[in-house]
Amino acid sequence: MKTQLLLALTCALTLTGCKGNEESKEALTVGTKIPTIPVPAWPSGKKAALSITFDDSTSGHVHLAAPLLTTRGVRATFFLVTGNVESEFNGTTWEEWRGVHAQGHEIGSHTLTHRNLAEISADECEKELSQSKAKIEEMIPGVKCQTLSYPYGSCDTEIRTAAARLYTASRLINPFTIGKDVSLHALPSIMPAAEFPIEDLLTGLHAAFDRGDWVILTYHGITGDEDLPGDDIGYDPRPIEALVTLLDDLEKRRDELWIAPMGEIAEYIELSTHVPAAMPD
Ligand SMILES: [Zn+2]
């Protein structure tokens, strides 16, 4: 596992030259080479960038992760499976997600029903992508749903193209960090899985920060001592203490890091790429 993590955290620069888990292999061998754009220097002299993301819209996100992050002054990205919200199994409500957004966190889409987009028709895929975005923007006034997380990290060229029509950026589940080039609709991320010792995760993160990379972390379930609404504790649930340990460690390098929701960093890269090098005062 240590080897796998180090691979995850050191293999970078291009998204096509690295082998990861089965999910990522599938995603990256479908279609042609993924076009990339250069990552500009980070704003305000920051050395590296970090986005913390959460998939599957569970109660632990609403009741544990979001309040902790807010208290620590860290804004994150929560990807919602919109068809699950308000369901008895899921246990979260739109009112709660409005509250998470009001705390400054980004609300992104994890599709309508969490189907594997590579296994459904183009029409069904379009519906998963567009209706989830529309639902989020309808139910959370003022939100700009501009980011997507592919269920199972699964996508191909056609799906990326469809995502690009609706979103600023889309995220995979792949064991990479982002180096000097990026494909905004095939963004890699690292899962701090239960089998990865936190020390190894932190070591890898700091190495990535030293290189000036953008790291995206992907959490799923977050659990605590208390009983939460619904039965959906999420995939690979991690105790909230793991997030506390991460935030404590990040605090040491807070001045060097641009920690922001995925959409904000993606938007910065996209705009920077299209802005003339010499801007008028
Ligand atoms: Zn998911």
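What share of the 281 residues in the protein chain is buried? Buried residues make up 44% of them, in what is a predicted model.

**View 1. The protein chain has nine helices and 11 strands.** Take contacts between residues at least 6 apart in sequence: 73% of these join residues at least 24 apart.

**View 2. The largest nonpolar core of the chain has 61 residues.** Ile107 and Leu187 are the residues with the most contacts inside this core. As a general background, nonpolar side chains tend to be buried together in soluble globular proteins.

**View 3. Here are the contacts of Leu187 with residues beyond its neighbours within four places in sequence.** Look for Ala169, Ser170, Arg171 and Leu172, then for Ile178, Val182 and Ile216; Leu187 is in contact with each of these.

**View 4. Helix α8 runs over residues 240-251.** With 12 residues at 1.5 Å a residue, α8 should span 16 Å, and its end C-alpha atoms are 17 Å apart, which agrees.

**View 5. Helix α8 has buried residues and, on the other side, exposed ones.** Leu243, Leu246 and Leu250 are buried. Seen down the axis of α8, its buried residues fall within an arc of 60 degrees, so they line one face of the helix. Turn to the other side of α8 and you will find Glu241, Val244 and Asp248, which are exposed.

Methods:
Residues are numbered from 1 along each chain as its sequence is written. This is a predicted model: local features need pLDDT of at least 70, side-chain atom pairs count only at pLDDT 80 or more; totals for chains, interfaces and linings use all residues. Helices (H or I, at least four residues) and strands (E, at least two) are DSSP runs, numbered from the N terminus. The expected span of a helix is 1.5 Å times one less than its number of residues. A residue is buried if 20 or more other C-beta atoms lie within 10 Å of its own, exposed if 12 or fewer, and partly exposed in between; C-beta atoms are placed from the backbone. The arc is that of the directions from the helix axis to the C-beta atoms. A nonpolar core is a set of buried Ala, Val, Leu, Ile, Met, Phe, Trp, Tyr and Cys residues joined through C-beta atoms within 7 Å. Two residues are in contact if their C-beta atoms, placed from the backbone, lie within 7 Å.
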